[in-house]
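Please have the sequence and the structure open while I talk.

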Amino acid sequence: MDSGLIYAGIAVLILIVAIVAVVAGVLLRRRGAPVIEQRPVAAPAAQVPAAQVPDAGLPGILEVEIPDPAAGRLHRLRSRLARSNNAIGKGLLALLSAGEPTDSTWDEVEETLLTADLGVGPTQELIARLRTRVKVEGGTTPEHIKKMLREELLNLVDPTMDRNIVMNADGRPAVILVVGVNGTGKTTTTGKLARLLIADGQTVVLGAADTFRAAAADQLQTWGDRVGAAVVRGLEGGDPAAVAFDAVRTGADSQADTVVIDTAGRLHTKTGLMDELGKVKRVVEKQSPVDEVLLVLDATTGQNGLAQARVFREVVAITGIALTKLDGTARGGIVVAVQRELGVPVKLVGLGEGPDDLALFDPLEFVEALVGDL
């Protein structure tokens with residue numbers, strides 16, 4: 001055989017190998033966050049299945065998004081918050097600066113506050129304070145009324161409540177359980193919370209313990225892929241408590257700062273489903289304390305959301321509220337109402353559809369959005 005043909009054949013073979021190597025490298029670089037699947041291990045009824053732990057730590061992530069900074073988000077999104085709260089700010093300012101308030105004026109003030117989902121107790125409290133101040137201090141100029149409204153609304157929102165989210169724990173990951181009814185944006189909020197934590201410099205493991213909704217694990221995986229957070233998931237219809245347990249174990253083995261567990265949405269009126277949620281928390285606590293239980297509420301449901309909140313509080317000891325959809329038709333009084341009802345603070349607010357539109361709640365920024373721009 002002609003030696004020239006042999007050399008040409010060898011050259012072509014080398015070229016093909018080089019092309020295959022380049023294509024394989026590109027595909028590897030495009031990989032998302034690691035997927036940690038549960039192994040279908042049959043466990044005794046009283047035991048929790050052993051977690052599947054990565055062999056040598058979690059793989060590195062080469063291409064991920066960089067979330068917007070966590071600090072100052074509410075200030076940047078304040079205009080969206082103001083749009084949804086004109087009923088309180090503009091309504092009260094118009095009523096109280098129209099001259100000496102009469103009984104009819106105060107009736108209209110009460111109606112405005114109740115319409116804004118403030119709740120009966122807080123409404124009566126605010127009216128009593130405003131009536132006293134108007135009587136004692138006098139003056140119904142817009143500037144004076146704005147000053148009174150700012151101070152009294154801030155009192156109602158209560159800036160003394162601890163709104164910090166536990167992101168770190170000594171010698172182990174902090175564990176955050178996210179709960180709520182169907183349709184409140186719970187899984188989306190879990191994904192956005194992961195972005196918020198990563199923007200604050202934390203390493204995060206996500207637990208896809210909503211095994212009942214077909215697309216929930218895939219949805220959470222997408223959120224994890226975008227920011228390089230590992231996602232622990234199980235089989236569809238599997239035991240959510242086992243997935244949550246495995247997520248915490250994986251977080252500990254990988255020395256992550258925070259584990260955020262998404263649970264299945266459930267109707268607060270379904271006793272069996274609520275018992276299942278209590279089981280998830282108890283199983284996780286066999287391995288690690290649960291540092292936060294965040295209840296996701298749709299702010300547009302107003303007072304109806306309080307009935308949901310009461311039941312969840314009894315089952316899993318809520319530590320904070322995440323109010324979603326506060327930028328739309330929601331009425332800002334629900335912030336006060338839910339805090340009074342549960343005795344726990346609003347810690348997070350959702351103000352849009354964007355991936356970084358979840359913000360840490362700041363009472364001062366909230367009140368300024370109500371009255372500062374009037």
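Arg 133 counts as buried in this predicted model, because its relative accessibility is 13% and the cut-off for buried is under 20%. Its salt-bridge partner is Glu 137, and the closest N and O atoms of that pair are 2.9 Å apart. Glu 137, on the other hand, is partly exposed, with a relative accessible area of 40%. Both residues belong to helix α6, which covers residues 120-137, and they are four residues apart, about one turn of the helix.

As a general point, side chains of opposite charge can pair when their charged atoms come close.

Arg 172 forms a salt bridge with Asp 291, with 2.9 Å between the closest N and O atoms. This pair links distant parts of the chain, 119 residues apart, with Arg 172 in strand β3 (residues 172-180) and Asp 291 in the loop between α11 (271-285) and β7 (292-298). At 25% relative accessibility, Arg 172 counts as partly exposed.

The other pair is Lys 347 with Glu 292, where the closest N and O atoms are again given as 2.9 Å apart. Here too distant parts of the chain are linked, since Lys 347 lies in strand β9 (residues 346-350) and Glu 292 in strand β7, 55 residues apart. Are these two residues buried or exposed? Lys 347 has a relative accessibility of 5% and counts as buried, and Glu 292, at 1%, counts as buried as well.

Let me step back to the chain as a whole. There are 14 helices and ten strands, and of the 374 residues, 48% count as buried. Among contacts with a separation of 6 or more, 78% are between residues 24 or more positions apart. The chain exposes about 17100 Å², of which carbon and sulfur atoms supply 55%.

Now to the empty spaces. Rolling a probe the size of a water molecule over the atoms shows where empty space is left. The search finds one cavity of 30 Å³ or more, and the largest cavity has a volume of about 40 Å³. Its lining consists of Ile 88, Leu 118, Leu 153, Val 157, Gly 332, Gly 333, Val 336, Phe 366, Val 367 and Leu 370. Two or more of these residues come from each of α7 (142-157), α13 (333-342) and α14 (363-372), with α14 giving the most, three residues. By class, the cavity lining has eight nonpolar, two polar and no charged residues.

The second largest pocket holds about 240 Å³ of space. It is lined by 13 residues, and the closest to its centre are Thr 188, Lys 192, Thr 324, Gly 352 and Glu 353. Helix α8 (residues 186-199) supplies the largest share of that lining, three residues. What classes do the residues lining this pocket fall into? The pocket lining divides into two nonpolar, seven polar and four charged residues, whereas the lining of the largest cavity has no charged residues.

Key: Residues are numbered from 1 along each chain as its sequence is written. This is a predicted model: local features need pLDDT of at least 70, side-chain atom pairs count only at pLDDT 80 or more; totals for chains, interfaces and linings use all residues. Side-chain values use heavy atoms; hydrogens and water are left out. Buried means under 20% relative accessible area, exposed over 50%, partly exposed in between (1.4 Å probe, protein chains only). Contact means heavy atoms within 4.5 Å. Accessible areas come from the Shrake-Rupley method with a 1.4 Å probe; for residues, only the protein chains shown count as cover. On a 1 Å grid over the protein atoms alone, a cavity is a set of points where a 1.4 Å probe fits but cannot get out, and a pocket is an open set with protein on both sides within 12 Å along at least five of seven lines; lining residues have an atom within 4 Å of a point. Grid points are joined across faces, edges and corners, and a volume is the space filled by probe spheres set on the points. Ala, Val, Leu, Ile, Met, Phe, Trp, Tyr, Cys and Pro count as nonpolar, Asp, Glu, Lys and Arg as charged, and the others, Gly among them, as polar. A salt bridge is a side-chain nitrogen of Lys or Arg within 4 Å of a carboxyl oxygen of Asp or Glu.
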